[in-house]
Amino acid sequence: MTKNSIKYFLLAGSVCCATSSVLTSCSDLDVTPEAQFTAYPDTEEAVEAQMASVYYELLGTLGRRYMEAQALSSDEWIGISFDGDYSDDGIYAQNSLHNFTATSACFDWYKNVTGAIVDANKVILSMGGEENNATASARFMRAYFTWILVDCFGDSPILDRVFAEGEQVDRAPRADVTKWIESELKTIIPLLPTNVDLSTYGKPTKYVAEALLAKLYINWPVYTAEDVTKYDAAAYSNEHLDDVVALVDDIVASGKFSISEGSDGYRSKFWPNNGAQIKDFIYAMPYDAITAQGFQYARPRIWRQGRNDGQGGPGYFGTDIGKSTGGNFSITPEFADLLMALPTDDRQENILAGKIYMFDPTTFAKTTTPYKYNGEEVTLDKTIRLKYTDAESNAHYIEWADGIADPSIYPVDCATLNTGKDVKGWSQGYKSVKYFVVREDFINDRNQSNDLPIFRLADMLLLKAEAITRGATATKGETAQSLLNQIRDYVHAPQFNGTPTLDDIYDERGRELFDENWRRNDMIRFGHFEDEYGFHRHGFPTARFDKECRIFPIPQATLDVNTNWKQNAGY
């Protein structure tokens, strides 16, 4: 099975039964297995046919809006605007400033998650129930989608069966749902396939479930705290640290994964032609610009006019990519410093810092030719400065640290983090080419064919290093230092000398997993989610530092249907 054939299979999910946008809106939940089959399907082909719609929901879940919620709420990115262009009622700035709202489009993937769980339960029922071991894949997907709810929204419904139409479902405490996910994963891990090849790429295996369980365990004190505000990173205590180590050891011992095999260096893992050959990927979501759409991560990260040179010639990707770009995400100055901190680090090649250079559209390699827009070289400014207009209609650019004297400008300029609609405004902050763009993809409504990594071996090695540093027993002759240096070695960064601290591991996770939707999760666990960075600063007019912001508000559309639910505290 080729990468494209996997994606064509995912496309089949788009014609399966419609999923529910909220928990009680389906009209066909009260069914019996006999209504669909006279014999329960147990062949691989039959199981895959049943699972198509469940896999398909993951395309929408992990797409643009999920990415916006994760990336902009972390210290990786700031959502800026350009004199009204991309202000979009301030939704990007709101995420960057932790000023989340229940009506923001950035959380509309909640319906994809609950829809996928509904579909997974239908599959389990139609296959005879959980007693049928062939339902393990559907049970994993149900557990994974439930974990997304727990991680992002706290208290969540345990949707462990098919519910009748109109039946109300309560949200369970976050700790209880976490323990339910743990129980599910421990039950199905022995039942999931152990082969890792094209046939299982993008689908649950034993090692995918182990990776999710390791993530669940490392965050155990976060998820089982009395409430979201009570977690204290300084008092982190976790009875599952040795379990994290054991799970990572089993993944490594399988011999099926490698942080470098199948790739031509760090950058190539994320290119449009990535796929099952990347042995670092334990679990990835296969996307395709035509057959499995939804991956639009590059659009806001491209310099605002980066599609061409301003006169119809090639943009810095080496070609005119055919569609307009966003450019409304900029890397925070603090995170830019982190990314650029290690000399000879290959990961820095993904970052557009300072002067922009052209890329070869075939090899994706950076050239020595400066990129020019309307005949002028373009240089990005690491320090992001907001534009404001004084009483005499004069435009000024000012860094927040400099202070802004006239509070009357706040509603116009600060609320949308406006940097101005010109080359200077577009060039505030560094950009990224981690998810490299090719024209044949981007012309299809800006969709991309880059597969999105969900769990990587590199992540697991850093989790083991973290667990050991927090007190787990070291195994296999490995130390936190040796594990961290495995990562440093393959990206050609300087080796780490001495015993890493938690801050050292946190920083390395930031560099290694940049832009993979994990930073918010890490920031909360390590106690940095309320830090000051970018424009998320005390004294900034709309920035919030409330601990309630560690989880997002339940979307209002979901609350409107589930009238027995209450909004998360603080919203």
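## Terms and model

Contact means heavy atoms within 4.5 Å. Helices (H or I, at least four residues) and strands (E, at least two) are DSSP runs, numbered from the N terminus.

This is a predicted model, in which local features need pLDDT of at least 70, side-chain atom pairs count only at pLDDT 80 or more, and totals for chains, interfaces and linings use all residues. Residues are numbered from 1 along each chain as its sequence is written, and side-chain values use heavy atoms, with hydrogens and water left out.

## Confidence

pLDDT is the predictor's confidence in each residue, from 0 to 100. The chain has a mean pLDDT of 91, and 90% of its residues reach 70 or more. Residues 11-19 fall below 50; beyond near neighbours in sequence, this stretch has 17 contacts in the model. Residues 24-38 also stay under 50, with 30 contacts beyond four places in sequence.

## Helix α16

Helix α16 spans residues 502-512. Its buried residues (under 20% relative accessible area, where exposed is over 50% and partly exposed lies in between; 1.4 Å probe, protein chains only) are I505, Y506, E508, R509, G510, R511 and E512. They pack against α8 (206-218), α11 (333-339), β12 (452-456), α14 (457-470), α15 (480-490) and α17 (519-526).

## Salt bridges

A salt bridge is a side-chain nitrogen of Lys or Arg within 4 Å of a carboxyl oxygen of Asp or Glu. The whole structure holds 41 of them. R519 and D75 form one, at 2.8 Å from N to O. This pair links distant parts of the chain: R519 sits in helix α17, D75 in the loop between α3 (64-72) and β1 (77-79), 444 residues apart. Both R519 and D75 are buried.

R456 pairs with E516, with the closest N and O atoms 2.9 Å apart. R456 lies in strand β12 and E516 in the loop between α16 and α17, 60 residues apart. Both are buried. R456 and E516 also belong to a salt-bridge network that links them with K269, D280, D345, R347, K434, R488, E508, R511 and E512.

R307 meets D320 at 3.1 Å between the closest N and O atoms. R307 is partly exposed, at 24% relative accessibility. D320 is buried, at 15% relative accessible area.

## Q428

Q428 is in the loop between α12 (423-426) and β11 (431-432). Q428 counts as buried because its relative accessible area is 2%. Its side chain reaches the backbone oxygen of K424 at 2.9 Å. Leaving aside neighbours within four places in sequence, Q428 contacts I80, S330, D381, T383, I384, R385 and T419.

Terms used. A polar contact is a pair of N or O atoms within 3.5 Å; within protein, one must be able to donate a hydrogen and the other to accept it, and residues adjacent in sequence count only if both atoms are side-chain atoms.
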